[in-house]
Amino acid sequence: LHYRFKRIDERALQEAHKKVLEILGTEGEIFEVIAVDGTGFGYDAWERVKWKRGKEMRKVKSHVKTEIVVGKRENGEDIILDMKVGPAYSDERVLLKELFKEREWRAKFIMADALYGMDVEILKEFYRRAEKVVVPVRDTIHTKVKHPLRVQAKRDYEENRDRYGERSVVEGAIGRIKNAYGSCIPTNSEEKARKVVWLMDILYN
């Protein structure tokens, strides 16, 4: 990466992201669907990690973990509404909770995978921001769902599971970013890698 890129402050890129959202007119908008998910972008040992995906990527020490929030409008247009970049092995749920403190976004439906359905605090925030929450919450072999909020989420998921496929809006955004720019960043610096991820986000929108 060009040495001048190092001079760019990550906060400046975050502000640029917010500016793009203002231009797109997202302030106060209620999206049809909002979906959240986490992914990793490798860096440093590029030749060793450039072919890795999914679980294999998560085993690589040199990567940044990214939590992404994507909104889908009624016309089908999708926009990256929010993003949090953390160090390798960051817990996606922790990153999402940090995003809750930074920005407000609302939707008719919020969707996420079963990992998020294990966290009552996240479910509570989902219900505050959406009319319906479509997150898998399941009984296990030894334990039935007991917490009232998880019981509600389990019922809502079963009633709206035909829409769960729309969670692909976030998976599709992640896939398009990686197809366009790659899942590995040619730098040995976590700081630069974080900035590149923000730049990918801005270019996507």
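Tyr-181, Leu-199 and Leu-203 come together as a nonpolar patch on the surface, with about 280 Å² of accessible area together. Patches of this kind are made of residues with over 30% relative accessible area and no salt bridge, nonpolar side chains (Val, Leu, Ile, Met, Phe, Trp, Tyr) being joined within 5 Å and like charges within 9 Å. Accessible areas come from the Shrake-Rupley method with a 1.4 Å probe, and for residues only the protein chains shown count as cover. The model is a predicted one, in which local features need pLDDT of at least 70 and side-chain atom pairs count only at pLDDT 80 or more, while totals for chains, interfaces and linings use all residues. Residues are numbered from 1 along each chain as its sequence is written, and side-chain values use heavy atoms, with hydrogens and water left out.

The segment before α1 (10-23) holds Ile-8, which is partly exposed at a relative accessible area of 32%. Leaving aside residues up to four places away in sequence, Ile-8 touches Leu-13 and Lys-195 (contact means heavy atoms within 4.5 Å). Ile-8 and Lys-195 are 187 residues apart in sequence, yet 8.1 Å apart in space, C-alpha to C-alpha.

Three aromatic pairs are found in the whole structure, where rings of Phe, Tyr and Trp (its six-membered ring) pair if their centres lie within 6.5 Å, planes under 30 degrees apart counting as stacked, over 60 as edge-to-face and the rest as tilted. Phe-100 and Trp-105 make a tilted pair, 6.0 Å centre to centre with 50 degrees between the planes, and both residues are buried. Tyr-157 and Tyr-164 pair edge-to-face, at 5.4 Å centre to centre and 85 degrees between the planes. Phe-100, Trp-105 and Phe-126 form one aromatic cluster.

As for charged groups, the whole structure has 29 salt bridges, each a side-chain nitrogen of Lys or Arg within 4 Å of a carboxyl oxygen of Asp or Glu. Lys-108 bridges to Glu-32, with the closest N and O atoms 3.2 Å apart. This pair links distant parts of the chain, Lys-108 being in strand β4 and Glu-32 in strand β1, 76 residues apart. Glu-32 counts as buried at 15% relative accessibility, whereas Lys-108 is partly exposed at 26%. In another salt bridge, Glu-125 meets Arg-129, the closest N and O atoms being 2.8 Å apart. These two residues are separated by about one helical turn because they lie four residues apart in helix α6 (residues 120-129), and both are buried. Salt bridges that share partners join Glu-32, Lys-72, Glu-74, Lys-108, Arg-163 and Glu-166 into one network.

Note on methods. Buried means under 20% relative accessible area, exposed over 50%, partly exposed in between (1.4 Å probe, protein chains only).
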